[in-house]
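Please find below some notes on the structure shown here. They are set out as numbered points, beginning with the overall fold and then turning to single residues.

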Amino acid sequence: VNLDPYSSNTRWRAKLGERILAAATPQITEEDCGGVTLSPLASWCLRAMRRKEVLALSFGVEDRDTWSERLSNAFKLPTRLFDCTP
């Protein structure tokens, strides 16, 4: 059994990978955002954070969730926590 993931490289797989990479790579500038806020774990586009329909989702909370606390305090966003830890 050949376990090399590149042995079955096909054009459609390469194109799909390129599309996924492009979708996950931001093409927005700080100017487009009206500024950004940085934290050790994330950066936030300020223009997006001012919108009314924004909801912060936090997954994998075990103890204190400082990520959603920061979003809630800084941007007055509602947060939904999903504790995925056993």
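1. Overall architecture. The chain contains four helices and four strands. Read from the N terminus, these elements follow one another in the order α-α-β-β-α-β-α-β. Please keep in mind throughout that this is a predicted model.

2. Burial and surface. The chain has 86 residues, of which 20% count as buried. Its accessible surface amounts to about 7,300 Å², and carbon and sulfur atoms account for 56% of that area. As for contacts between residues at least 6 apart in sequence, 30% of them join residues at least 24 apart.

3. The nonpolar core. Which residues make up the largest nonpolar core? The eight members are Trp44, Leu46, Met49, Val54, Ala56, Leu71, Phe75 and Leu77. Helices α3 (46–49) and α4 each contribute at least two residues to this core.

4. Glycine 35. This residue sits in the loop that links α2 (30–33) to β1 (36–38). Is glycine 35 buried or exposed? Glycine 35 counts as buried because its relative accessibility is 14%, which is under the 20% limit. Leaving aside residues up to four places away in sequence, glycine 35 is in contact with Glu30, Trp44, Cys45 and Leu46. The C-alpha atoms of glycine 35 and leucine 46 are 5.7 Å apart, although eleven residues separate the two in sequence. Two of these contact partners, Trp44 and Leu46, also belong to the core described in point 3.

5. Serine 68. Helix α4, which spans residues 66–75, holds serine 68. With a relative accessibility of 4%, serine 68 is buried. Its side chain makes a polar contact of 2.4 Å with the side chain of aspartate 65. Further along the sequence, beyond four places, serine 68 touches Ser58, Thr79 and Leu81.

6. The salt bridge. How many salt bridges does a search of the whole structure find? The search finds one. The partners are arginine 51 and glutamate 53, whose side chains meet with an N to O distance of 2.4 Å. In general, side chains of opposite charge can pair when their charged atoms come close. Glutamate 53 is classed as exposed because its relative accessible area is 54%, and the exposed class begins over 50%.

7. Lysine 76. The loop between α4 and β4 (79–82) contains lysine 76. Its phi is positive, at about 55 degrees, although lysine 76 is not a glycine. Most residues other than glycine have a negative phi. Lysine 76 is exposed, with a relative accessibility of 65%.

8. A nonpolar patch on the surface. Leu55, Leu57, Phe59 and Phe82 form a nonpolar patch on the surface, and together they have about 390 Å² of accessible area. Phenylalanine 82 belongs to strand β4. It counts as partly exposed because its relative accessible area is 38%, a value between the 20% and 50% limits.

Conventions:
Residues are numbered from 1 along each chain as its sequence is written. This is a predicted model: local features need pLDDT of at least 70, side-chain atom pairs count only at pLDDT 80 or more; totals for chains, interfaces and linings use all residues. Side-chain values use heavy atoms; hydrogens and water are left out. Buried means under 20% relative accessible area, exposed over 50%, partly exposed in between (1.4 Å probe, protein chains only). Contact means heavy atoms within 4.5 Å. A salt bridge is a side-chain nitrogen of Lys or Arg within 4 Å of a carboxyl oxygen of Asp or Glu. A polar contact is a pair of N or O atoms within 3.5 Å; within protein, one must be able to donate a hydrogen and the other to accept it, and residues adjacent in sequence count only if both atoms are side-chain atoms. A nonpolar core is a set of buried Ala, Val, Leu, Ile, Met, Phe, Trp, Tyr and Cys residues joined through side-chain atoms within 4.5 Å. Accessible areas come from the Shrake-Rupley method with a 1.4 Å probe; for residues, only the protein chains shown count as cover. Patches are made of residues with over 30% relative accessible area and no salt bridge: like charges are joined within 9 Å, nonpolar side chains (Val, Leu, Ile, Met, Phe, Trp, Tyr) within 5 Å.
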